[in-house]
Amino acid sequence: MASFWESSHRSNWHFTRQQLQLPQFSLVQDLQHISLKSLMMLHIYYCSVILRLGRRLQIRQQVIATAIIYFKRFYVMNPLRHSDPLLVATTCTYLACKIEETPFHIKNFVGEMKNIFGGAFSHEPSHVAECEFYLLEDLGFHTMVFHPYRLLIMLVEDAKLGTSFLQTAWFVVNDCYKSFLPLYYPPHMLALGAVFFASTLDDHAKETASLRDWFARINVDVGQLMIISQEILDLYQALGEYNEDSIPKIIEQLNRSYLA
């Protein structure tokens, strides 16, 4: 079985915040034109695009998560304003389905995007096929992605928590993909962070009363989990402020700076 610790995921696509602020990464360029908050809103929006496309095609959650990671990796290397993120989102979803062995015909992706966006999505299957080449090149042909989902199920079972708790923690992991957290933390820490965050919610107070002993038993750094939990809380604050109606204005600001 493949190991995260020996994978290209860890060696090539695992970053610190300080690393992503270096000039060779696109974050610095994006933040010259829009605020960090606006950049977060754009990533939330394009993650929701991938999610909508995936749901229309009835794609499994893990495949959608892989597509989102491809999208984030591509835009670690490329400023948002240098390409059409709708085309990239479509291509990421198409590639993720191929890699995760749940392929659909390329026309299905283009057709659904046209159904969702109408004239705002003018691309044809040939454009997605061409974009796939550039996407793979920027990914360094590193297509393997490790996710927290399987480990999350194992952790919840080991802690003897119920289905309701698992569902809450699962939703937390899903929401983490709308942020940069999957670029900062390995999958096992995202899974543990989701368990820790879910344990702080009032809905699960009785169910998680013994979790402190469980965390001690598995020898995890609770201080690190508290940091991740706070970052998840910050994410939910951003999601609470998210307004899709503001996205066209942010995109216009980016495009205007590109043409200037």
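**A loop and its surroundings**

Modeller: Glutamine 58 lies in the loop that runs between helix H4 (36-56) and helix H5 (61-77), where helices are DSSP runs of H or I with at least four residues, strands are runs of E with at least two, and both are numbered from the N terminus. The model is a predicted one, in which local features need pLDDT of at least 70 and side-chain atom pairs count only at pLDDT 80 or more, whereas totals for chains, interfaces and linings use all residues. Residues are numbered from 1 along each chain as its sequence is written, and side-chain values use heavy atoms, with hydrogens and water left out.

The backbone of glutamine 58 has a phi near 55°, which is a positive value in a residue other than glycine. Glutamine 58 counts as exposed because its relative accessibility is 72% (exposed means over 50% relative accessible area, buried under 20%, and partly exposed in between, with a 1.4 Å probe and protein chains only).

Asparagine 219 is not a glycine, yet its phi is positive, at about 60°, and with a relative accessible area of 70% asparagine 219 is exposed.

Helix H9 (residues 149-158) and helix H12 (residues 187-199) pack at an angle of about 45°, and their axes are 9 Å apart; the axes are lines fitted to C-alpha atoms over the stretch in contact, and angles run from 0 to 180 degrees between N-to-C directions. H9 and H12 are therefore oblique to each other (under 35 degrees is roughly parallel, over 145 roughly antiparallel, 65 to 115 roughly perpendicular, and the rest oblique). The residues that make the contact are Leu151, Leu152, Leu155 and Val156 of H9, together with His188, Ala191, Leu192 and Val195 of H12, where contact means heavy atoms within 4.5 Å. Of these residues, seven are nonpolar, one is polar and none is charged (Ala, Val, Leu, Ile, Met, Phe, Trp, Tyr, Cys and Pro count as nonpolar, Asp, Glu, Lys and Arg as charged, and the others, Gly among them, as polar).

Turning to the whole, the protein chain has 15 helices and zero strands. Buried residues make up 51% of its 260 residues, and the C-alpha trace spans about 55 × 40 × 35 Å along its principal axes.
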